[in-house]
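The briefing takes one group of strands and then another.

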Amino acid sequence: MHEDGCRRVVITGVEPEIEAGRFPIKRTEGERVCVEADVFADGHDAISCRALYRREEDALWSAAPMHFLANDRWRGEFTVDKLGRYRYTVEGWVDHFKSWRRDMEMRMAADTDADVDYLTGAMLVRAAAERSQDSDAALLTRWADGLAAEKDPALRRTIALDQALSQVMDRNPDRTRATRYGRELAVTVDPAIARFGAWYEFFPRSCSPEPGRHGTFADAEERLEYVARMGFDIVYLPPIHPIGCTHRKGRNNSVKAAPDDTGSPWAIGSAEGGHKSVHPALGTLDDFRRFAGRAREHGLQVALDLAFQCAPDHPYVTEHPEWFRRRPDGSVQYAENPPKKYQDIFPFDFETPDWRRLWDELLSVVLFWVEQGVRVFRVDNPHTKPLPMWEWLIGEAKRRYPDLIFLAEAFTRPKILYGLAKLGFTQSYNYFPWRNSKWELMEYFNELTKTEVREYCRPNLWPNTPDILTEYLQHGGRPAFLSRLILAATLGASYGIYGPPFELCENTPLKPGSEEYLNSEKYEIRHWELDQPGSLRDFITRVNRIRRENPALHGDWSLRFHDVDNDHLIAYTKHAATDGSRFGNLILTIVNLDPHRTHGGWLDLPLLELGIDTRRPYQVHELISDARYFWQGARNYVEVDPNTVPAQIFRIRRHIRSEREFEYFM
């Protein structure tokens with residue numbers, strides 16, 4: 001039996017809802033949550049519904065009205081303006097006053113309205129007056145009296161259809177028999193930088209001005225101005241902890257290390273300490289805090305690498321031997337990806353009976369660095385650790401510090417990548433480095449921005465990393481680096497580069513067919529000449545400035561691809577509401593995907609759908625070259641030469657005020 005058989009409204013098809021409410025959706029501060037649902041009831045009565053929302057720690061709900069779309073589909077929205085978690089659901093009820101008013105309009109049109117009909121309305125309005133706890137009560141009582149006793153038929157009809165009456169009745173509905181959706185759904189609200197930001201990765205140990213000397217945090221401080229001037233928001237450091245000596249890797253991943261080889265920073269732990277220590281050659285914990293403070297002065301946040309693995313020399317290995325898997329000969333199992341062997345790294349055994357203490361210790365590592373002022377973490381290979389552990393750890397950390405950001409290095413199978421995003425990771429690496437053709441890019445980014453995936457997975461696009469030097473970059477030369485930068489920076493609101501190799505266009509692989517860099521910085525200290533000719537530094541600076549100045553590029557959801565009759569050219573727009581217009585800021589990007597040849601083609605834009613008057617010319621301002629053009633109509637010719645700049649980024653201005661202005665720009 002139903003708990004209350006008088007509740008007639010049915011609510012289904014609520015969106016967004018991830019796996020029946022198992023996982024939260026994601027938003028950033030100030031963003032809107034648009035809720036849709038199928039809401040209906042038996043018969044012909046009118047219904048009303050609303051979206052309910054509250055911060056998770058609050059007891060009382062706020063409400064946003066939902067409006068009818070079509071076919072029993074309703075939509076409403078609310079804004080999440082504080083960090084943390086919100087809850088939301090949908091409530092609907094049979095609205096007897098709305099039904100009465102609708103029927104009265106039809107009765108009046110047919111001139112069949114009778115005294116009893118007005119008395120019915122008066123009864124409904126008087127009941128609302130009794131429910132009301134404020135000044136509405138007096139207003140409603142007067143309307144009820146008028147409906148019941150007014151002798152002038154015309155005035156009585158005016159009272160019945162008074163919009164003010166409807167508005168006050170909407171504020172005082174009878175929800176005693178309302179149906180509430182059976183689930184409370186969740187929203188995780190993150191800082192704005194989780195939605196829009198540019199990352200720059202560099203190795204502090206390679207920041208020394210003297211070739212061959214191990215860099216320090218003080219040296220890395222001098223690199224901050226360089227990064228900030230290019231317009232980045234986050235500076236990301238690979239692991240800064242002591243590096244193990246046992247089975248240390250040599251240059252170019254050699255299994256034999258020379259006496260002066262520094263090893264891989266991801267082989268964490270030695271006699272000097274583990275995950276809560278800093279490498280002595282970099283400096284002290286105080287030095288790191290000073291570095292982080294200087295970064296903030298430059299407008300940069302510091303992201304640290306979170307790599308939950310150990311070198312054989314890590315204190316955990318002797319203090320907690322139960323946290324590691326043993327082989328039949330009694331030795332600790334090192335990391336393997338057959339036929340590759342990583343003897344310098346011991347993975348944790350997450351099936352250990354002591355898993356609770358292991359989880360607690362890993363959480364304490366995160367909290368330790370949070371206490372040092374770190375709010376952003378890039379997580380190394382999260383797919384090789386249990387997903388339930390991540391859900392718990394991220395949940396506990398963000399419960400204490402809701403402004404934390406966790407970027408998953410999720411170069412893994414799609415279901416695991418999306419699974420990590422659902423259970424709490426703020427952002428995700430993805431398959432962008434290997435999506436090169438037009439159809440691949442369009443198909444993949446439509447998946448990321450036009451499907452349910454966008455509700456929980458925020459992509460962070462990286463053209464390169466210390467592990468990834470793609471074939472496209474190896475063989476495409478400088479134009480390849482330029483085009484991948486523009487794709488990453490305009491397709492995605494969040495992107496990053498590993499520098500200085502990126503801006504210096506370093507593209508020599510370890511060997512043919514490999515994505516490893518020759519003389520990889522992962523295994524040795526490199527000295528970078530940042531001012532060498534050909535650096536992309538100034539170009540990167542301009543692209544980042546374009547990103548900051550155009551709100552259209554601050555989000556992903558408005559991305560839309562457009563037809564160009566050349567498969568080497570990809571075109572897409574993004575827009576943002578400014579100056580009261582939905583398309584107030586409209587950015588069109590065209591990229592030549594062939595780094596070797598000039599390509600042209602005819603571009604088709606759906607002008608009306610982009611808010612552009614089809615009868616008038618419109619200006620397109622190319623933001624890289626600062627050139628301005630006038631286009632007329634939906635179809636225009638474009639041409640891109642990769643030997644200059646392999647892309648064009650246009651800001652579209654819709655309205656030309658006069659012929660004189662047109663002539664000025666021509």
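Alanine 51 stands opposite alanine 64 in β5. In β8, the bridge partner of alanine 51 is valine 90. The model is predicted: local features need pLDDT of at least 70, side-chain atom pairs count only at pLDDT 80 or more, and totals for chains, interfaces and linings use all residues. Residues are numbered from 1 along each chain as its sequence is written, and side-chain values use heavy atoms, with hydrogens and water left out.

- Strands (E, at least two residues) are DSSP runs, numbered from the N terminus, and two of them pair if DSSP finds at least two bridges between them.
- β4 covers residues 47-55, and eight of its nine residues are buried (under 20% relative accessible area, with a 1.4 Å probe and protein chains only).
- Strand β8 (residues 84-94) runs antiparallel to β4, and nine bridges join the two.
- β4 also pairs with strand β5 (residues 62-65), in the antiparallel sense, over four bridges.
- The hairpin from β4 to β5 passes through six residues.

**The open sheet**

- Strands of a sheet pair through backbone hydrogen bonds, either parallel or antiparallel.
- An open sheet of seven strands has the order β18-β17-β16-β13-β12-β11-β19, with parallel pairing.
- Its edge strands, β18 (427-428) and β19 (494-498), each pair on one side only.
- Two bridges link β18 to strand β17 (residues 405-408) in the parallel sense.
- Alanine 408 has serine 428, in β18, as its bridge partner.

Methods:
Buried < 20%, exposed > 50% of the residue type's maximum accessible area, 1.4 Å probe, protein only.
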